[in-house]
Amino acid sequence: MKVLELKNVTKQFGGLTAVGNVSFEVEKDSIFGLIGPNGAGKTTIFNLITGIYKVTEGEILFEGRGTNSLEPYRVAEMGITRTFQNIRLFKKLTTYDNILTACHHNARYSLLDAVIRNRKFKAEEKGLFEQAQELMSIMGLEDRKDVVAGNLPYGLQRRLEIARALASRPKLLMLDEPAAGMNPDETARLMELIKEIRDRFNLTVVVIEHHMDLIMGVCERIVVLNFGKKLAEGTAQQVQANPKVIEAYLGEKEVVVC
Amino acid sequence: MDWFYIKGILILSGINLMAVLGLSLLTGFTGLFSFGHAGFMAIGAYVTAMGTIKLGLPFVPALLLGATGAAMASFFIGRLTLNLKGDYFCIATLGFGEAIRLILDNVQYFGGARGWPGIPVSTNLTTVVILDIIGIAVLANLIRSRHGRNFKAIREEEMASQTIGINVFRYKMTALMISAAYAGIAGGLLGHYLGFLQPKMFQFVKSTELTITVIFGGLGSISGSVIGALVLTSLPELLRTFAIWRLVVYGAAVVFIMITRPQGLMGGYEITPTNIKKLFSRLPGSVGKKQAVGGDKK
């Protein structure tokens, strides 16, 4: 069953075509990779899916429903969350508050309930505390509970951003270069984490990454983009063997020989 | 100093506190700077006065009417301007505040620029203190809820807030309307304390004064706003002895605080029983865990 489907998606900024006629499908519960050289349009596709940019032409379907005209928060409510290439945490809030804030959708109490502190408020708020606590222990952030997010080490900031994304109980998690700036050791641990998250939360994961060992290690299916166009699609082995992909990354054969 | 004089200062501090509390939600917690809050105060003041004089309402319902009036005005202005980013929103509110004042200058029904005398003097210290306590309690409860956390999330990182499903526009609107309602109540109290209203009282300077108070107290701290309002309203009075130098000293005091403590007096911390306990456990002698509570890490 496919959870996400892009049909001939095009995005133009003025005369520049950032994404041109790209189509692909993401299977439910799979880990899907999106790779390509810098400026290939990977992050633009993420922005299109999450509603930050509006699609110029084509259609994006999530579980069969179109997301084209929706505001980003509506897309998030449908069950799509993401992380950012340049980490966007709530920097001055603590680790715990970052996660707790993101849990807000699992409570329903209104402004008035909050002001008069009725039973509904207390019960739901307690539920949120428990969820945040649980998520912290799953992600191994418990001992950093009261640390201000901006002061966390880089690797943990990435981890916290993933935790925050998971807090809204998404069906599709999109990671934009989660391993950027990580050493091989941290990258290996991240790979394990991505697999573990997928199994534990029954998610579908889409990853943008430049670390090829991560992509080849975890992704079941990969799409390669170049200059906004889809270059190749397939399993890790198929993509690695594809001459077009090698050309995009390393240049043409003659050039390499020279 | 006799009690009447001190009472007067306390009442004025309390009225300013009301307006500052509202602005604290908008600026300190949601991260939107407004330079038009005197406009909302003006609307609140005139609508409340209209309620008591022309409609013959009792004082408190008239105050609520004033708050509603200010909130409605903020709804319309918010619809038009809340999509603007940072500085542009700031300029738009500035224009709004001045526009309200100029409109009132020309509405003869309310006395125009000459002012509106003969407003019943119904505001007393008890009313102000009770309303301030209610105001603080409402704001504190609001902040310590999922809604309050969403306001702070928008202040910190707007795009990330959207991707975790926060309707940013709606929350900004809510913050603006609540803060306008607070300003409206403050205006209503002011009119019924002085017994006289004039558009000149709600000039741009009034708006800046409110914003300065919020920043002085510390963005994102209710206790900071309370202390800021009390200090900055009474400071010019304490400085009366300096005669003509009084406002210079006032300005110097604000500049001094901003240089030595850019995050404001409270800098995002709150005075609560738990935080006080934590502070004592951290004092030398008891080796406690050293961790920041709020956003005060530089």
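Predicted model: local features only at pLDDT ≥ 70, side-chain atom pairs only at ≥ 80, totals over all residues.
Let's begin in chain A with an open sheet of 6 strands, which reads β6-β7-β8-β3-β9-β10 across and has mixed pairing. As a reminder, strands in a sheet pair through backbone hydrogen bonds, and they can do that parallel or antiparallel. At the edges sit β6 (80-82) and β10 (229-234) of chain A; each has a single partner strand, so one side of each has no neighbour in the sheet. Going from one strand to the next, the twist averages 20°.

Strand β9 (residues 221-226) of chain A is joined to β10(A) by 5 bridges, and the two run antiparallel. If you want a pair to click on, Val223(A) has Glu233(A) in β10(A) as its bridge partner. Helix α10 (residues 243-250) of chain A lies across β9 and β10 of chain A, at about 130° to β10(A). Another helix, α1 (residues 42-49) of chain A, lies across β3 (31-35), β6, β7 (172-176), β8 (204-208) and β9 of chain A, and runs at about 150° to β7(A).

Next, have a look at helix α3 (residues 95-102) of chain A, where 8 of its 8 residues are buried. What covers them? The cover includes α5 (119-138) and α6 (154-167) of chain A, along with α6 (146-156) of chain B. One of the buried residues of α3(A) is Ile99(A), and that residue turns up again in the largest nonpolar core, a set of 153 residues in which Ile99(A), Met18(B) and Ala186(B) have the most contacts. Helix α8 (residues 168-194) of chain B gives this core its largest share, 14 residues.

That takes us over to chain B. Setting aside neighbours within four places in sequence, Ala186(B) is in contact with Ile15(B), Met18(B), Ala19(B), Met41(B) and Gly44(B). Helix α1 (residues 3-29) of chain B and α8(B) have axes that come within 7 Å and cross at roughly 170°; α1(B) and α8(B) are therefore roughly antiparallel to each other. The residues of their contact split into 20 nonpolar, 2 polar and no charged.

Note on methods. Residues numbered from 1 in each chain as written. Chains lettered and ligands numbered in written order. Buried ≥ 20, exposed ≤ 12 C-beta atoms within 10 Å, placed from the backbone. Helix = DSSP H or I, 4+ residues; strand = E, 2+ residues; numbered from the N terminus. Contact = placed C-beta atoms within 7 Å. Core = buried A, V, L, I, M, F, W, Y, C linked by C-beta atoms within 7 Å. Axes fitted to C-alpha atoms, helices over the stretch in contact; angles between N-to-C directions. Parallel < 35°, antiparallel > 145°, perpendicular 65-115°, else oblique. Nonpolar A, V, L, I, M, F, W, Y, C, P; charged D, E, K, R; others polar. Pairing = 2+ DSSP bridges.
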